[in-house]
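Here are my notes for your first look at this model. Keep the structure open and go through the points in order.

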Amino acid sequence: MTQNAIEISGLTKTYAAAGRSEAKTALHGIDLNIPRGTVFGLLGPNGAGKSTLINILAGLVTKTTGTVKIWGFDQDENPRQSRAAIGIMPQEPHLDPFFTPAGSLDVQAGLYGVPKAQRKTAEILNIIGLTDKANAHARSLSGGMRRRLLLGKALVHSPQILVLDEPTAGVDIELRNMLWANVRKLNDQGVTIILTTHYLEEAEAMCDEIAIINHGRQIVRDSTANLLGRLDHKTLVIKPASEANLPALPDTITGQKRKDGRLAFTYQSSKTSADAVLDIIRNAKIEINDITTEQSDLEDVFLALTKS
Ligand code: ADP
Ligand code: MG
């Protein structure tokens, strides 16, 4: 039995030409395995193909070539089982204006063939904090409530895999925290989470593993920790006690005098130590008033890998 929640190989997607728009290849052959139990981040700039990939997994978009296995079930050979294993909170909310939250969840459960006795409508309403809005008109729901309802709809059939496409784009901090608390709790209960996000800080905090795609191709796939270690740069910033210029530096250290008078020294931590940098500063008789370090974060990794 495979331990992967998702197995994708040779996946391509070309959107057919329509009206004035030309045919567009959004995915150029993606190979990607996502282990069970992880929180997996799919990152990439706008138009990279993230939603296309996720919508193919969820069965909302038809792939052009390649194979997709969900929880061990081939999407083409076992469409029903593979669909049952996954729930998606899409990027674009489509909510039927005629249903109340309770009604929406019930209809969704019906679509997935969940028998009435096994429906968890009340439990889900509680999870997404909409119990008191259970019978409210969809039109009267705020934007945040609608997004929570979308999350609820993704959960009606108790999927092993939950896919979230930019779940926190444009939502306020309170809702974001609530969504993340829910995601963490579901992951603790064993649900595999796949998400796309624009907030790299969020990916850094939430994801065990990350794949970055750009122009429909996967450019990196690694654990979040390894990705952060990949840019082996550290920067030591000192505030001199009095105005000072950069001392002479070896090739392994780059210096910068900042506008505020602080001196920044960037070095490869595998080749040079902070001690070596400090020795140079002391030898140049620069008195240090304050000292801070800066490390590369996911944002730097992302920019380094997707600049093209
Ligand atoms: P992302 O989610 O990373 O921003 P998308 O998967 O939405 O990227 O889009 C990838 C590319 O495919 C983009 O160039 C986009 O314009 C194109 N695309 C997405 N959906 C469609 C569609 N329904 N028809 C034609 N082109 C599309
Ligand atoms: Mg998208």
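1. Start at a turn. N214 has R217, a residue of β10, as its bridge partner. Remember that this is a predicted model.

2. Now widen the view to the two strands. β9 covers residues 209-214 and β10 covers residues 217-223. They run antiparallel, and six bridges join them.

3. Look at the link between them. The hairpin of β9 and β10 has two residues between the strands. One of them, H215, takes a positive phi near 50°.

4. Ask where the shell comes from.

5. Check the backbone contacts. A backbone N or O atom of G47 sits 2.7 Å from an oxygen atom of ligand 1. For A48, a backbone N or O atom is 3.2 Å from an oxygen atom of the ligand. S51 has a polar backbone atom 2.9 Å from an oxygen atom of ligand 1.

6. Finish with the cover. How much of ligand 1 does the protein bury? Taken alone, ligand 1 exposes 560 Å². The protein buries 62% of that.

Note on methods
Residues numbered from 1 in each chain as written. Chains lettered and ligands numbered in written order. Predicted model: local features only at pLDDT ≥ 70, side-chain atom pairs only at ≥ 80, totals over all residues. Heavy atoms only, no water. Pairing = 2+ DSSP bridges. Helix = DSSP H or I, 4+ residues; strand = E, 2+ residues; numbered from the N terminus. Polar contact = N/O pair within 3.5 Å; in protein donor to acceptor, adjacent residues only side chain to side chain. Areas by Shrake-Rupley, 256 points an atom, 1.4 Å probe, with all protein chains shown as cover.
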